Amino acid sequence: MNEITCECGHVNPEGTVLCEACGKPVEDNQHLNGNENQALLNMRYDGSARRSQTYNRTFIDKVWNFFSSVKVGVWLIVITLIASAIGTLLPQEMYIPPGSDASTHYKDQYGLIGQIYYQLGFHNLFSSWWYMLLLALIGISIIIASLDRFIPLYKTLKTQKPKRHDQFMKKQRIFGKTESDSIDMQLMKENLKKNRYKVTEEDGSLFAEKNRFSRWGPYVNHIGLIVFLLGTLLRFVPALYVDDFVWVREGETKMITGTEGQYYIKNEDFILENYDENDERFQEAIMRNGQPVPKTYQTNAVIYERTDDIVVGKDPELKEIKEAQARVNHPIKFENYTLYQASYQQNEFNEMTFKLHDMDDEDSSYGEFTIDLNDPETEYELDSGHVVVLGSYFPEYELDDGKPVSVSKYPRNPAFVFNVYPPGESDGEPEVSFAGIGANVDGSGENEFKVGLVDFDVRDVTGLTVRKDYTLPFIALGGAIFMIGVIQGMYWNHRRIWVKPKDNGVWIAGHTNKNWVALKREIEKSTKGTGIEPPVDQQELKD
Amino acid sequence: MKQSTLKKKKKRLIFRTAMLAVMVGLIAFALISNLKDDKSVVAKGEQAPNFQLNKFGTDEVVSLDDLEGQGVMINFWATYCEPCKEEMPYMEELYSEYKDKNVEILAVNLDSTNIVVERFQERYGLSFPILHDKNGQVMDQYNVSRLPSTLFVNADGVVEEQVVGPLTLDKLDGYLNEITPET
Amino acid sequence: MGDLSAISSNLLYAAFVIYLVATFFFAGAIRDKKSTSPDRIGKIGIILSIVGFFTQLGYFFTRWGAAGHAPVSNLFEFITFFGMMLVFAFIIMYFIYRINVLGVIALPIALLIIAFASMFPTEISPLVPSLQSHWLYIHVTTAALGQAILSISFVAGLIFLIRQVDQSKKTKQTFWLEFVIYMVATTLAFIIISSVFSAFNYEASFEAPVEGQPVEITYEMPAIAGPFDGELISDGAMSPLFQAPEWMRGVDAAIKFNTMIWSILGGLVLYWLVRLVVRKRIGSALQPLLRKANPEIVDEVGYRAVAIGFPIFTLGALIFAMIWAQQAWDRFWGWDPKEVWALITFFFYAAYLHLRLSRGWQGTKSAWLAVGGFAIIMFNLLAVNLIISGLHSYA
């Protein structure tokens, strides 16, 4: 539990591998960097005293040290990687066909493998608690491992002295001895400066260093990752994140879900445009595709704000705030909300026009009437005096056990039961008939009249995602910091050169964290004309 | 051992404990939020948000706030929802009994066309008020995603019970009893 | 229009041929003969590579002109672009380290990739709405460049392994090295077989049920594995030896399965042909050719490639991807298979970079990791599009 005083006089913290000032290996601590019986020193973290390797007393310390290990970090990454890979083998639950039940879908589609996949929760891997926990553990590992390394490394690099211990010099990968009495140290110094090194001196020893800041790159990028992870965490704060969806029919004005009743949208028009099949450029590709290739999905919309006090359910007073188009890749933005063109349905029925005529004569007519499918009247009086009463209306008609039912409120397959009263007989028994798309059934089999479909009008429905996301700036900031950090760490290298005069010449050593070739080239350039022989790469000799 | 070293070590322990505690706290927050992420109907014990809707087929306006002091059953339904059809007769059966005990039933309907609801009302002979949530505003406010969904609100406006899916006669009777104000 | 697209495809052919010639020059440069000057031959090699690269750039921009959008929107275009970026990455690394041996491996891989790309439909396809964004080329080009530079670490790793793996006895390492070589043979076999059958316009049609409906399925190679419950309707076509398993659904599943069988068998034939000729492991036969490579430097090239490629990959495949996804699909991340595999690639190289810190992970282990990384990149490029698919499936 004691501090280590080096022979150079510097007092090092416990656990130091190489003296912070002169680099002399601390004999008892060489195992910490695996240096025993090695010809070359392991220079990671510059032999600084990493905290994780010094205390291991309390439970907290043990947990801390566990996460401080790079090995643990790598294992966490590898486990996450494998889990993620398995998670892509079969589609995630959110990508299976809408309406299908996950508990049977996987088994039906993929058999036993599918069932196992489902049972183990891989169908919803990326929002499962254990996958999130893995990411969180990686986060913890990043924080602790960085703290444990950055602080001592920072101190060591700040404390380092130009004059280095012989043991340190000799055990560098780049090392050379020159025996000569005509060595131009001054020129060496100038050459190093010319190569944009920062040169300091102590007792005639030269120390040249460049790009130390690149050593902070990993810590900067780790900060970026942490900001990013915290940003994703913010999503769970409801006030910061809204994710909703709204369907709007052409001509319809609708409350935008997720805006708490504040905003409304009117769908003026939904446009689906396909590529021209005769376009010379794309002809072949469209042919191969076998069906039209869409070119545009667009909603022309008007956005309104509600101006009266919001009472849920009450009809709102609206003020137009914006007229805008939502296209894929070009969402509508208003206030803090964004509307994305996400889906559509074409050709939903809007209006249907019927004609009352004699059962056996299609050309006869007692008048026409038009039903607004979204707001039908109960009865329609025709010019001839006939009255058609809507006995029943099924917006999306289906037969269920022989009984007509509607499976939704949307007029996708409208059907009606008509009660027809001849003029002046509104108290009598009506003629009953059933009419739908492609169906027209005579209720009694003896009907005199028939209600026939003559025309219809359709409209499109647009589906828009509603988003409000205050977490994006954090996420973006995290990403930016990460990129700065990685570039800082990867595109610059920390290079150091030590030159130490000896009785009968000079020793030279060099170190870099990557790109040894460039370091060697720079040393070679700097030694030119100085009488110092270029050093050798001791690792290469070893092979 | 030197005093300063001990102090340093103590500081370190406190720092490490605090860091770990914060991180564990954040993870717990994330995991719990994730579990709760499924938007659900206004939860038990919460105040039922106010709304105001037209009584079906009339201009009469019903507002939840006006019913304070009464037990209120809010039932979200639609004519195209099969299970809703099953529980309607039960509601009708118990309505007059509980009406006298100061319990109101509000059947919030989500259809879009009047005629469909009108015909349904005629066929089933429903006497409790049917409210028309034409734009789905109330449904959105209450985060209702499946029909039928039913909330039982007590006299203080607090949600006593919430049920997603159809009710049986027994259950309905029990829940209505729960929200019956004491006299 | 038609002219431009014709010029474009001719430029691609030209680039292909130039790369091929450059490969021979590099191969000449690493030969151990003292009489010729390896540096001069190597220089011709790199000049040719650069000329080839610009020729391919010509292909790229003429096709851009013809299509009206950057040609990175379908599998053919993307893989070709990836091949071009691989050459570009090689040129960069060559100028940093000046080693000829890199060209001997990098260029053939780029050639294989470009040839492989041409097996997919090559016509110009229109852009669907979600792809109509500047982010298409910002994202795709950066991601491809990142992947290409990362792939150079595979090239270096392969050189390192061929040079260093002890071939005197059979070990796990020699086995896996042979396996990597066999995979190359499989790719080559796929290219040869596809080209041959398409040259003869081979077609075999089947009628088979897909989702309950009878559908006509047309094979462009003789069917070894026919569609499940399929009935051969073409005259004179080979009848299948067996049927694809039932769980392979969809019109294309059985075709892809059949192609895979052909490639695997073709790869085996190619591999064993070569092996019988050289009469030893192929890795062992290649070893002496790479004797001049300095393993220290090759190892560093591998590490450097990851160091340079990793930030570019992250920027292109994750960050730009997120920005675009936020714009087009209303969320920056959706756990789409392609996204997940980009994340996996990111994780993998992050692990690589952390492991490099530890003693003992340099050299052989790093080289094997680089091979693994390339496998992940290829998986993301091909398997995700052809087998798993998702929002990114434009094949």
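By class, seven nonpolar, four polar and two charged residues line the largest cavity. That is my starting point today. Keep in mind that this is a predicted model.

Let me stay with that cavity. Its lining comes to 13 residues. Which of them lie nearest the centre? They are C:Gly157, C:Asp299, C:Gly302, C:Ser366 and C:Ala367. Now the helices behind them. How much space lies in the largest cavity? About 60 Å³.

Two packed helices are described by the angle between their axes and the distance between the axes. Here the pair is α4, residues 101-117, and α6, residues 172-199, both of chain C. The angle is about 35°. The axes are 9 Å apart. The crossing of α4(C) past α6(C) is left-handed. Which residues make the contact? From α4(C), they are C:Leu112, C:Ala115 and C:Phe116. From α6(C), we have C:Val184, C:Thr187, C:Leu188, C:Phe190 and C:Ile191. By class, this contact has seven nonpolar residues, one polar and no charged.

On to chain A. How many helices and strands does chain A have? There are 11 helices and 24 strands. Its radius of gyration is 39 Å. For 543 residues, the globule rule gives 24 Å, and the value for chain A is well over that, so chain A is more spread out than a compact globule. The box tells you about the extents. Along the principal axes, the C-alpha atoms of chain A fill roughly 130 × 55 × 55 Å.

Last, chain B. The secondary structure here is five helices and seven strands. In what pattern do they follow along the sequence? Chain B reads α-β-β-β-α-β-α-β-α-β-β-α. What about its radius of gyration? Chain B has 24 Å, whereas a compact globule of 183 residues would have a value near 16 Å. Its C-alpha atoms fill a box of roughly 90 × 40 × 30 Å, again along the principal axes.

The α4(C) and α6(C) axes sit 9 Å apart. That's it from me.

Note on methods: Residues are numbered from 1 along each chain as its sequence is written. Chains are lettered from A and ligands numbered from 1 in the order in which they are written. This is a predicted model: local features need pLDDT of at least 70, side-chain atom pairs count only at pLDDT 80 or more; totals for chains, interfaces and linings use all residues. Side-chain values use heavy atoms; hydrogens and water are left out. Axes are lines fitted to C-alpha atoms, for helices over the stretch in contact, and angles run from 0 to 180 degrees between N-to-C directions. Helices (H or I, at least four residues) and strands (E, at least two) are DSSP runs, numbered from the N terminus. A crossing is left-handed if the near helix is turned anticlockwise from the far one by less than a right angle, and right-handed if clockwise. Contact means heavy atoms within 4.5 Å. Ala, Val, Leu, Ile, Met, Phe, Trp, Tyr, Cys and Pro count as nonpolar, Asp, Glu, Lys and Arg as charged, and the others, Gly among them, as polar. On a 1 Å grid over the protein atoms alone, a cavity is a set of points where a 1.4 Å probe fits but cannot get out, and a pocket is an open set with protein on both sides within 12 Å along at least five of seven lines; lining residues have an atom within 4 Å of a point. Grid points are joined across faces, edges and corners, and a volume is the space filled by probe spheres set on the points. The radius of gyration is taken over C-alpha atoms; the globule rule is 2.2 Å times the number of residues to the power 0.38.
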